[in-house]
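Q: Could you take me through how the pockets and the chain interface of a model like this one are to be read?

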Amino acid sequence: MKPLPPLARLPMLALGVIALVVGVLAGLARLAVVVPEPMAAQAGAHGALMIAAFLGTVISLERAVALAGAGRHAFHWPYLAPLCAGLGGVALLSGLPLAVAQALFILAGALLTAGSGLLLRQQAATHLAVLAVGAACWLAGNIAWAATGVIPNAVPWWMAFLVLTIAGERLELTRFLPPSPPAHRAFLLIVGAQLVGLVVATGFDGAGLRLFSMGLLALALWLLVQDIARRNLRQRGLTRYIAICLLAGYGWLALAGLLGIAGGFAPGSPLRDAALHAVFLGFVFSMIFGHAPIIFPAVAKVRIPYHAVFYLPLALLHGSALVRLVADVATQLAVARAAGIANALALLVFIVVMVASVVRGRRT
Amino acid sequence: MKMSQPFIDPAMKDKSAAPVLPDRDAILAGLRGVIDPEVGMNIVDLGLVYRVDIGATAVTIDMTMTSPACPMGDMMVDAVKAVLDALVPPGTRTEVNLVWSPPWDPSRMSETAKKHFSW
C-alpha cells in the first residue's frame, strides 16, 4: 500500500492546531485575561486541549508516519490515532457530551499504544519499549479522566506520556556514544521509579507524586549528562539550535522535578501552576521548538531551511516561562498574567517563523 | 516499402558511447552530503547505507534508519534519491529502498564517526 500522501495528513495536523489555539486562549482565560467567550468557556478544558488534543494528535501523527515507513499496514490504520485525537478536540469544542471526547481520546491512546507495540515487536530495543510505555501512559490518563471525570487525575499520566516519549527518543540517540551499561541501568531505574510513583500517586497520594518528581529530576540530570546534545553544542546551524532547545528543556525538567518534590504537583498547591508549566511549557515546548524544523518536513513533505531567527521564539518562550515561574512562586498574579500572554506570543511567533520558513523553503 | 528501424540492444552498442555510471566511491562521496540534522553527521559515516548496487543501467541503494520509530525515513530516502539522480547520467534508473533488516547498530559507524563520538 502506498504511503498516505502528505496532503491527506494535513487535516489531522489542522485539527491539532485548532486545539492548540483554543487551548492557549482557554489557558489565558484561566489567568483572567479577557478572551472571546467561546474560548473562555473552554477554560476548564485547557489541559485536555493542550495535551490530549494537540500533543496527542501531533505525537500520534509523527508515530503514524514512522509506522508507515517501517512496514506495510492495511488501511493506513496508524493514522486513526491522530484522527481520533484531533476529533476528540473537536468534540470538546463542539459541546457534544464529554463522554464522546473522552471515548475518542481513549481510542487514540489505544491505537498509539498498539502502533508503538508493533514497532517494539519489529525491533526489541529499550527505547522502543519506553515509547510504548509512554503511549500506554497517555491511554491510562485518558481512562483515568473518563472514569473519574476529573482532569487532574489524568495529568500525572499525561506528564509521563510526554516525558517518556521524549526520553525514549533521546535514549535512542545515545547509541551513537560509547555504550555505558551503568548509565543504561540508571535510565531504567529512573523510568521504573517514575512509573512506581505514578501508580502510588493514583488517588493523589503525595508520596507517589514526590517519587515521580524525583524521577523527573533524575531523568533531567541523566539527559544533561548522557544526551548527545551537549556534544552538538559545538556544531553549527540547525544541529546546534536543536541542542540548545534540548538542554534548555532539560533545565525545565529539572526545575519541574524540584517543584514536584516540594509538593507542586498536588492539586491545590500554590506551586501547581509553576510545576505544571515547567514540564508542559518549558520542557515540552522547548522540545517542540527544537524538533518542528525536522519533524514537520517529515510529516508534510515541505522544507524548513534553518535560519538564526529560530532563536527569537525560543528566547521568548524561555524568558516568558521563567518570568511566569518566578511570578507564580512569588504569587504576583498580575506579572504571571503578563507572562502568560508572553508565553502565548512566543508560540505565535514560533508558528509565524515556521510558516515563513516553509515559504522560504519553497523559493530556494 | 518502408523498412522498419532495426532494433539495437542498448547493451550491444559501442561501450565508448554508453554513459558512464559513477563508481561506488563517487556515489558514497555524494551521499556524504546527506546529513542527519539531529546528529550533525552524514548517513554514510553513521552506517545507514547498507548496499550500493551499480548495474548496467540502474543504481540501487538499500539504507536504514537508526530506529523504526523515526518519522524521517521517507524524507531521507527522497534526499538520497535526489543525490543519486544528480550523479547518474540521464536515463539511468535509481532506486532507494528503506530496509529494516538487519537493524542498525553502532558497530556500523565509520572510524570517523566513532572518533567524533569519542569511542
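Predicted model: local features only at pLDDT ≥ 70, side-chain atom pairs only at ≥ 80, totals over all residues.

Q: How many residues line the second largest pocket, and which lie nearest its centre?
A: A pocket is found on a 1 Å grid over the protein atoms alone, as an open set of points where a 1.4 Å probe fits, with protein on both sides within 12 Å along at least five of seven lines; lining residues have an atom within 4 Å of a point. Here 32 residues form the lining, and A:R30, A:H46, A:D273, A:H277 and A:R324 lie nearest the centre, while the space amounts to about 770 Å³, a volume being that filled by probe spheres set on points joined across faces, edges and corners.

Q: What is the volume of the largest pocket, and which element gives the most to its lining?
A: The largest pocket has a volume of about 1,200 Å³, and among its 49 lining residues A:I288, A:H291, A:A292, A:I295 and A:F296 are the closest to its centre. The leading contributor is α12(A), with 11 residues; this helix spans 272-300.

Q: How is the interface between the two chains to be read, and what area do chain B and chain A bury between them?
A: Contact means heavy atoms within 4.5 Å, and 25 residues of chain B are in contact with 35 of chain A. Buried area is the accessible area (1.4 Å probe) that two parts lose on being put together, summed over both; for these chains it is about 2,600 Å², 60% of it on carbon and sulfur atoms. B:E38, B:P68 and B:P71 supply 27% of the area that chain B buries against chain A, more than any other three residues.

Q: How many salt bridges are counted between chain B and chain A?
A: A salt bridge requires a side-chain nitrogen of Lys or Arg within 4 Å of a carboxyl oxygen of Asp or Glu. The count is two, and the side chains of B:E38 and A:R170 meet in a salt bridge at 2.6 Å, N to O.

Q: What conventions apply?
A: Residues are numbered from 1 along each chain as its sequence is written, and chains are lettered from A and ligands numbered from 1 in the order written. Local features need pLDDT of at least 70 and side-chain atom pairs count only at pLDDT 80 or more, whereas totals for chains, interfaces and linings use all residues; side-chain values use heavy atoms, leaving out hydrogens and water.

Notes:
Helix = DSSP H or I, 4+ residues; strand = E, 2+ residues; numbered from the N terminus.
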